[in-house]
Amino acid sequence: MFHCERCGIRFSTGALSGRRDCPRCKSRDGVTVLLTWEPLLAARTAAALAEARPKPERVAVVPGP
Ligand SMILES: [Zn+2]
C-alpha cells in the first residue's frame, strides 16, 4: 500500500503498476510527489485477508484405518 503525503490518497501496489509517484497530484497540480510505502498497512490488509479465508484446520481429517 502506498500513501501520498501531499493529498493523502492511498494506492494499492497493483493499482500503480510499478509507478512510485502520485498520479492525482501529477494530473491536478503537475507536481511529482513520491509515494510513501506503508508496510504496516499492507501487513494489516494481508492479515485481514488471511482471516477471511477458511482455515486449513477446518478441513476434516479422516483418521486412518
Ligand atoms: Zn497526491
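I began with burial: a residue is buried if 20 or more other C-beta atoms lie within 10 Å of its own, exposed if 12 or fewer, and partly exposed in between, with C-beta atoms placed from the backbone. By that rule, 5% of the 65 residues of the protein count as buried.

A note on what I am reading: this is a predicted model, where local features need pLDDT of at least 70, side-chain atom pairs count only at pLDDT 80 or more, and totals for chains, interfaces and linings use all residues. Residues are numbered from 1 along each chain as its sequence is written.

Confidence next. I took pLDDT as the predictor's confidence in each residue, from 0 to 100. The protein has a mean of 82, and 86% of its residues reach 70 or more. Helix 2 (residues 23-29) is highest at 94, while helix 1 (residues 13-16) is lowest at a mean of 74.

Then the fold. I counted helices (H or I, at least four residues) and strands (E, at least two) as DSSP runs, numbered from the N terminus. There are three of each, in the pattern β-β-α-α-β-α.

Which order do the strands take in the sheet? I found an open, antiparallel sheet ordered 2-1-3, with pairing requiring at least two DSSP bridges. Strand 2 (10-11) and strand 3 (36-37) each have a single partner strand, so one side of each lacks a neighbour in the sheet. Strand 1 (residues 2-3) pairs with strand 3 over two bridges, and His3 stands opposite Thr36.
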